[in-house]
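Thank you for sending this model, on which I have a few notes. They are set out as numbered points below.

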Amino acid sequence: MLNYSRNRAHSKPNRSFSLEAMDLADSRRKSNVTGKVLMAISLITLCIIILKRSPNFSSPSPFSHRQPGVTHVLVTGGAGYIGSHAALRLLKDSHRVTIVDNLSRGNLGAVKVLQQLFPDPAQLQFIYADLGDAKAVNKIFSENEFDAVMHFAAVAYVGESTMDPLRYYHNITSNTLMVLKAMAAHGVKTLIYSSTCATYGEPKKMPITEGTPQVPINPYGKAKKMAEDMIIDFSKNSDMAVMVLRYFNVIGSDPEGRLGEAPRPELREHGRISGACFDAALGIIPGLKVKGTDYKTADGTCVRDYIDVTDLVDAHVKALAHAKPKKVGIYNVGTGKGRSVKEFVEACKKATGVDIKVEYLDRRPGDYAEVYSDPSKILRELNWTAQYTNLQESLQTAWRWQKSHRNGYGTRMSLHS
Ligand SMILES: NC(=O)c1ccc[n+]([C@@H]2O[C@H](COP(=O)([O-])OP(=O)(O)OC[C@H]3O[C@@H](n4cnc5c(N)ncnc54)[C@H](O)[C@@H]3O)[C@@H](O)[C@H]2O)c1
């Protein structure tokens with residue numbers, strides 16, 4: 001049998017066996033190939049499904065083309081204090097928003113709050129970029145179709161500007177030039193520019209109107225004035241609609257407590273009076289130092305015009321609605337009412353319920369006695385007027401957020417400044 005078998009192994013049937021084996025091997029190879037082809041097809045299908053789900057593959061990004069009835073606003077500095085509040089309002093008004101920020105001073109946490117409130121990926125996008133980076137700026141404008149730019153991004157501390165002026169000219173003046181050139185190159189039609197009452201310097205006559213001569217006395221005010229001049233000169237031969245808003249001292253936060261002001265701890269010393277009051281109320285600093293009690297004002301302390309951020313943002317929305325091609329609108333954004341530092345401190349004590357320790361010191365060089373706006377032009381032309389004019393209430397709102405966000409927005413990322 002074995003032999004036979006062996007023999008048979010050399011006989012036809014055996015040959016036929018070997019052919020069968022070949023067929024079997026062949027069919028196995030074939031089925032292997034088929035398996036591999038099927039596997040490759042399924043992998044490719046899977047990749048296509050994954051890619052199709054990614055916003056860049058399936059359809060062009062909603063940010064890359066204009067959509068009738070939808071205004072796409074680029075909010076530079078949208079992770080910062082005022083920019084984040086403006087983005088919130090624009091999103092609430094159903095606008096499409098792109099935030100660009102290098103997070104040098106702003107907070108990713110603020111962007112996350114906005115993303116949680118407005119999860120539709122076609123309504124809000126965040127781009128982490130530095131406006132001093134020409135390549136990045138051009139990429140942003142090439143890949144997105146903006147209807148308008150609200151240019152908030154800036155370093156914004158008067159004291160710091162006197163110590164590091166070049167940083168201010170670079171960050172404010174040169175970066176604004178970069179944004180303006182990109183807007184011109186890509187046909188973006190509207191610019192709302194964040195300027196400041198610091199461009200007026202120390203006018204002799206109060207209140208300050210838009211016609212008050214601009215004679216800034218520190219690099220911050222000068223850099224902003226230069227940026228304004230550039231924008232206005234450019235607009236003379238352009239179709240662009242431009243609104244320049246000169247803010248007075250901004251306070252307050254979102255009345256619904258979603259956003260607040262959270263400057264970096266290391267910037268506290270340059271910070272604004274409301275921040276210092278809250279820090280004193282929280283025990284972060286021992287108390288307040290009021291510099292100068294012999295100014296020619298009712299109680300001897302400096303007088304300023306405090307504008308609530310909710311009102312300020314509303315002024316931007318009105319500016320956007322009224323912006324006209326080939327026209328430049330320049331507006332003071334203030335309440336028109338001056339409040340002394342003493343008044344402010346008293347309001348802050350009441351708002352926080354803390355008997356903040358106050359030390360009265362000599363004047364600080366460079367401070368001016370009185371600054372307050374004449375806001376009648378913006379009322380007349382844009383139908384805007386401040387609504388949140390109760391200092392204590394504005395501070396109370398901001399205090400609620402400060403108390404529940406002792407570490408600001410928590411984690412921070414930083415690229416550079
Ligand atoms: N806060 C005020 O009282 C006040 C008053 C007058 C004018 N302003 C102007 O309002 C604007 C916003 O001020 P704010 O108080 O919200 O300041 P902020 O520091 O809270 O916000 C500024 C934002 O700009 C970002 N930024 C700075 N440089 C950038 C760059 N090179 N590239 C990208 N992002 C950059 C920061 O990271 C930050 O998020 C500024 O232009 C400021 O000059 C503010």
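The points that follow take up the ligand shell, a pair of helices and a sheet.

1. The model is a predicted one, and the remarks below should be read with that in view. Around the ligand there are 28 residues, of which Gly 77, Gly 80, Gly 106, Ala 154 and Val 250 are the closest. Two or more residues of this shell come from each of helix 4 (81-92), helix 8 (165-185), strand 5 (190-196) and strand 7 (249-251).

2. Helix 4 contributes the most to the shell around the ligand, namely 3 residues.

3. The crossing of helix 4 with helix 11 is right-handed.

4. In the contact between these helices, Ile 82, His 85, Ala 86 and Arg 89 of helix 4 meet Val 309, Leu 312, Val 313, His 316 and Val 317 of helix 11; the contact residues divide into 6 nonpolar, 2 polar and 1 charged.

5. Seven strands form an open sheet in the order 3-2-1-4-5-6-11, with parallel pairing. Strand 3 (124-128) and strand 11 (328-333) are the edge strands, each pairing on one side only, and neighbouring strands are turned by 15° against each other on average, direction ignored.

6. Within that sheet, strand 4 (residues 148-151) runs parallel to strand 5 and is joined to strand 5 by 4 bridges; Met 150 has Ile 192 in strand 5 as its bridge partner. Strand 5 is also among the elements that give two or more residues to the ligand shell.

Note on methods: Residues numbered from 1 in each chain as written. Predicted model: local features only at pLDDT ≥ 70, side-chain atom pairs only at ≥ 80, totals over all residues. Near = placed C-beta within 6 Å. Left-handed = near helix turned anticlockwise from the far one by under 90°. Contact = placed C-beta atoms within 7 Å. Nonpolar A, V, L, I, M, F, W, Y, C, P; charged D, E, K, R; others polar. Pairing = 2+ DSSP bridges. Axes fitted to C-alpha atoms, helices over the stretch in contact; angles between N-to-C directions.
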